[in-house]
Amino acid sequence: MRAVVKNRIGIFHPQGFLDGTNVPMLLSLEDIQATEKLDVDMLLVSLKKVIFFNKNGLDVFVKLLSNIRSKLHVVIGFCDYDTKKYLAISKFYENDLNFSLFQTQKIAMLFAASNKEDSKKVLVYNPEASQRSSIAIELFDNGHHPVIAQSLKEFEEKKQNADAFDVIVEETFLGLFGQKIATRVRGNAIIYSVSNYLDAEISDSFNIAYHNNSLNVGFRLFIFDAYKVVSMNIHAFNFFSKLASAAAEYNATLCFVGLTFEKTPESFKNDLEDSGIMFFDKMEEILENKELLEELGGSSAAVIKSKRTLNKVLVNELPRFIDATVSTIEMMTNAKASKEGASVQDINIDKNSKHIASSIGFYGDLDGMVALSFPHSIAKKTCELLLGEATDSDEEILDALAEFVNIIGGRVKSLLLEKNINVNITLPRTYTSIDALLQVVEGKKGVQVDLNFDGENFIFFLTR
Amino acid sequence: MVKIDDIKAYIAQIPPAPEVLKETLAFINEGELTKAATCAQEDKALHVYLKTLVNKPIYGFKNEVSELSQIFGILGTSGAQQVLYNYMLTLLSPKQWELFKLNESLFFELQAQLNQQWKRMLRQLNIDDKDIESAITLLPASIIVCEALFKEHRDEVMLLRSVKEMDYNTILKRLCGMTLFDICNLIAKKWEMPPTIAAIVHAASGTETSNDDTIDQLGRWMHLLLFYEFSQAAYVEAGLNDFLEFHIEYVEPIYDDFMSLMEVPCEP
């Protein structure tokens, strides 16, 4: 059994009855090795389709997840359970509950380190005061607005007014949490939450691959939410200096918000400012100041000034990228997709066309990104297998489109591996309009391939 | 991936039920077990199959049973019909399993387990009906069909499943508009099985209900039994646990009775 990965959360979906004899069979050695290679922030087991489990069965999962946590520093636990299952797990691990429990996957997503969800107003209740606080702190760090109910009575009262909250978090428990720095995307700015003492460990807890890819795909504003930082030492200082130099190549801006210098040498601030990092007292000073936001690059995912050009290695591998795209479409629709023409150029797309688009970045032995732009109807048709019942919801279609490019990314990865080229793929990104896509790829040289599917054209664009 | 033409081609290549089997079944339906045994003698493979089956520990005989008349006598009309349908299904099963890590013996074991457990359930439900008893025999056809249609597409399915939780049945339905259970129905028709069999197996998919409460109730029991068996270590290892989607809410009404019958403590 393999974990399904979405938004950097890996979830196993066992079914039926779980006990000590069958769970080891669910996870072969290859499955465990594949899980260890996943680039995720959270690894969970969904109990949605499990009708019966005993402690021996859960123990096997807990052991596997704990091993992975010690290697990858990810959040581990269970999700999708009802009250009966929640109480059973709490009883089984009464004195040893060091993993997390999330009532639903939706709730788990609120706690994921790389959170791309909009800010949510969340009602929180847990009978234990320490859990209530931990949950609220994590939610806050991830950019949400927690409202804590201090008693069951207060919770039941507030719950009556469910419309006042986007999400209600109950029967949720935070065990040992991952050590990764929480990351959230607000518009076109990326916010990292850092806390406590910033030292040499920052290089382990900071997801540099994610950061580099965010630069590659056009993010220009990176904010370190540092309200809870006590102090910074020379190792962390060096880390941020290097990060600032790398950002400069992309004309990107790094900012610190809320960092105090009571226990951090004031000279660090001056030196970091010299390397281009900016300091603000409050987050609102940036996020609520449109002019400043535009100046800093957070109002749009703008074109990178120091453009990176296509290289020969990437162009040589172009057929693999196209094969992966075409074969994925054919696999998912049982219809033929054909290549109409290909050329090296800036992206050429009618700005007035009502296309939606998605992209996925890759990095490693090769780096770059693939963008696909579809007419709405073709996007829907392409993703029918993932969508299931017919839908006209843009959100669902974009979500399926993200899954679709993820599959293409997975195919590209395996096709390249056959030639001993190792790449990793980024999170997929979707665009509701051509304008949004152009903000990222306009002015970049790339290979544009016009493809035809079901009588309509769509665009494949490979760039760096 | 799988196309509707692949399904048509698959259905077309399913042979009709062999004449010997048809005649044997006809004698069983008339209650003529001795004549049925004589007729069945003509099919050596069937003889071996029946002998191997009834001498399984699950049947609990101390001494080896080898004579066909003796075997039919032990099985009775309901049991004999059930076993003959099981045998027909083995004619459809692949020599070499590729998608699932199954083999002849493990598949045989699964059939035997399902038969015995289903009988237990029908006893519990006070149902004594030959066709209903035989309904369980068609259920493993879904595994055989899935193997045949998807064995060439294992990697593609894995890739799909890396981003979305989907079972083979759903993939087939979305791609071709037919489920594995629809195909089972077509097999049942081709083999002239009683309509009740196909109806119960369809209800056991957990995705479609019939307009008949009894059929749906039996479908619930069968759906839960299927996942009870698919949760056994050997079948989990064979990859059967997640080839279909388990519909937990569908079986909830009968869950406590099921667990009590199977003597499993109802936790959580």
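Tutor: Helices here are DSSP runs of H or I with at least four residues, strands are DSSP runs of E with at least two, and both are numbered from the N terminus. Residues are numbered from 1 along each chain as its sequence is written, while chains are lettered from A and ligands numbered from 1 in the order in which they are written. This is a predicted model, in which local features need pLDDT of at least 70 and side-chain atom pairs count only at pLDDT 80 or more, whereas totals for chains, interfaces and linings use all residues.

Student: How many helices and strands does chain B have?
Tutor: Chain A, for its part, has 19 helices and 23 strands. Turning to chain B, its secondary structure comes to 15 helices and 0 strands.

Student: What is the radius of gyration of chain B, and why does it agree with a compact globule?
Tutor: The radius of gyration is taken over C-alpha atoms, and the globule rule is 2.2 Å times the number of residues to the power 0.38. Along the principal axes, the C-alpha atoms of chain B fill a box of roughly 55 × 45 × 35 Å. Because a compact globule of 268 residues would have a value near 18 Å, chain B agrees with its own radius of gyration of 18 Å.

Student: What is the radius of gyration of chain A?
Tutor: The C-alpha trace of chain A spans about 65 × 60 × 45 Å along its principal axes. With 464 residues, a compact globule would come near 23 Å, and chain A agrees, having a radius of gyration of 23 Å.

Student: What percentage of the residues of chain A count as buried?
Tutor: A residue is buried if 20 or more other C-beta atoms lie within 10 Å of its own, exposed if 12 or fewer do, and partly exposed in between, with C-beta atoms placed from the backbone. In chain B, buried residues make up 46% of the 268 residues. Of the 464 residues of chain A, the part that counts as buried is 45%.

Student: Which element of chain B gives the most residues to the side that touches chain A?
Tutor: Two residues are in contact if their C-beta atoms, placed from the backbone, lie within 7 Å, and the contact between the chains takes 30 residues from chain B and 31 residues from chain A. The elements of chain B that give two or more residues to this side are helix 9 (154–163), helix 10 (168–176), helix 13 (213–230), helix 14 (233–237) and helix 15 (248–261). With 7 residues, the one that gives the most is helix 9 of chain B.

Student: Which residues of chain B does A:Phe17 touch?
Tutor: A:Phe17 is found in strand 3 (residues 16–18) of chain A, and it is buried, with 26 other C-beta atoms within 10 Å. Its C-alpha atom is separated by 5.9 Å from that of A:Ile51, which lies 34 residues away along the chain. Not counting residues up to four places away in sequence, A:Phe17 touches A:Ile51 and A:Phe52 and, from chain B, B:Tyr228 and B:Ser231.

Student: Which residues of helix 6 of chain A are buried?
Tutor: Helix 6 of chain A (residues 129–141) has 13 residues and reaches 18 Å from its first C-alpha to its last, close to the 18 Å expected at 1.5 Å a residue, where the expected span is 1.5 Å times one less than the number of residues. The face turned away from the buried side carries the exposed residues A:Ala129 and A:Ser130. The buried residues of this helix, which pack against elements including helix 5 (105–110) and strand 9 (121–124) of chain A, are A:Ile135, A:Glu138, A:Leu139 and A:Asp141.

Student: Why do the buried residues of helix 6 of chain A line one face, and within what arc do they fall?
Tutor: An α-helix has 3.6 residues a turn, so residues three or four places apart point the same way. The arc is that of the directions from the helix axis to the C-beta atoms. Seen down the axis of helix 6 of chain A, the buried residues line one face because they fall within an arc of 165°.

Student: Is B:Asn126 buried or exposed?
Tutor: B:Asn126 is found in the loop between helix 6 (104–124) and helix 7 (130–138) of chain B, and it has a positive phi of about 55° although it is not a glycine. Because B:Asn126 has 6 C-beta neighbours inside 10 Å, it counts as exposed.
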